[in-house]
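Student: I am new to this structure and would like a close look at a single part. Please take the strand pairing, and then connect the rest to it.

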Amino acid sequence: MMRLYSSPPSPFGRKVKMTAAICGVKSDIEIISIDGNDPKSAELNPSPLNKIPVLALENGDIIADSRVICEHLIDYSGRTEILPADNRVAYLTRAAVADGVTEAALLMVYERRFRSKDQINAEWLNRQNRKVLGGLEWLSAHCQPIDTTPTLDQITLAAALGYLDFRFAGEWRTRFKELALWLTQYQQMVPSFRATDPSA
Ligand SMILES: N[C@@H](CCC(=O)N[C@@H](CS)C(=O)NCC(=O)O)C(=O)O
């Protein structure tokens, strides 16, 4: 049994959980919940960076970060259509841009969470917000309709948009209507997206 260290609100953890479900390997993975704000819980985390998600294999090896875990699960399950060999770099680039949106949004959340009110840097927040908006603009122009099985870039995009819904009250939806429609389609087609909704 593999062990996935994660937490329900983590967008990168959600991406991995959806990938595991879509690959059909969910039952091979035990989920260990980590609360990064609780030092006792964080001690359980085998990641040398103390980040989540991280996957521990039966032989004790760890796999990080979420991108590598997803690629591992796709290889392990043999579900290669989730990351097609044709145009692989284009799929990985769309996934990297969607992850970049999540990273920028996460940095905005951390700026407000870990700094006192008078330390919060508005220019830093704007800088990250421009990355979120620029990323969404680009993804809106490059996202693909979902076929029977979502691909890794689409799973990553859904995790990013789901995080914006969760932490920023879905503000992106008025400006990016096509992405909002796309996410509705994804939500209808992918049960693991609904099952991993952090606000449910
Ligand atoms: N690039 C990493 C990012 C992981 C990440 O930033 N995880 C957050 C939670 S969603 C975390 O562990 N934050 C704790 C910290 O940065 O100390 C990945 O794709 O897994």
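Tutor: Two strands pair if DSSP finds at least two bridges between them. Helices (H or I, at least four residues) and strands (E, at least two) are DSSP runs, numbered from the N terminus. The model is predicted, so local features need pLDDT of at least 70 and side-chain atom pairs count only at pLDDT 80 or more, while totals for chains, interfaces and linings use all residues. Residue numbers start from 1 along each chain as its sequence is written.

Begin with strand 1, residues 2-6, and strand 2, residues 29-33. They pair in the parallel sense, and 5 bridges join them. Two of the pairings can be picked out by residue. Tyr 5 has Ile 32 of strand 2 as its bridge partner, and Ser 6 has Ser 33 of strand 2.

Pro 39 is found in helix 2, which covers residues 39-42. Exposure is judged by counting other C-beta atoms, placed from the backbone, within 10 Å of a residue's own: 20 or more is buried, 12 or fewer is exposed, and anything in between is partly exposed. Pro 39 counts as exposed because 8 C-beta neighbours lie inside 10 Å. From Pro 39 to Arg 3, 36 residues apart along the chain, the C-alpha separation is 20 Å.

The loop between helix 2 and strand 3 holds Asn 50, and Pro 53 has its place in the loop between helix 2 and strand 3 (54-56). Asn 50 has a positive phi, near 55°, although it is a residue other than glycine. Asn 50 is exposed because 12 other C-beta atoms lie within 10 Å. At Pro 53 the peptide bond from Ile 52 is cis, with omega near 0°. For comparison, most residues other than glycine have a negative phi, and most peptide bonds are trans. A further cis peptide bond joins Ala 64 and Asp 65, with omega about -5°. Asp 65 is in the loop between strand 4 and helix 3.

The bounds of domains come from an automatic or database domain assignment. That assignment gives domain 1 as 2-82 and domain 2 as 88-192. The centres of the two domains, taken over C-alpha atoms, are 20 Å apart. Residues are in contact if their C-beta atoms, placed from the backbone, lie within 7 Å. On this basis 15 residues of domain 1 are in contact with 15 residues of domain 2. On the side of domain 1 that touches domain 2, helix 1 (11-23) and helix 3 (66-77) each supply at least two residues. Helix 1 gives the most to that side, with 9 residues.

Leu 152 can be taken next. It lies in helix 6, residues 152-168. Leu 152 is buried because 25 other C-beta atoms lie within 10 Å. Leaving aside its neighbours within four places in sequence, Leu 152 is in contact with Thr 19, Cys 70, Ile 74, Ile 82, Leu 83, Tyr 91 and Ala 95. Between Leu 152 and His 142, 10 residues apart in sequence, the C-alpha atoms are 14 Å apart.

Helix 6 itself has 17 residues and reaches 24 Å from its first C-alpha to its last. The helix is mostly covered, with 13 of its 17 residues buried. Just after helix 6 comes Ala 169, with a positive phi of about 50°. Ala 169 is not a glycine, and it lies in the loop between helix 6 and helix 7 (172-175). Ala 169 is exposed because 9 other C-beta atoms lie within 10 Å.

Definitions and conventions:
Contact = placed C-beta atoms within 7 Å. Expected span 1.5 Å × (residues − 1).
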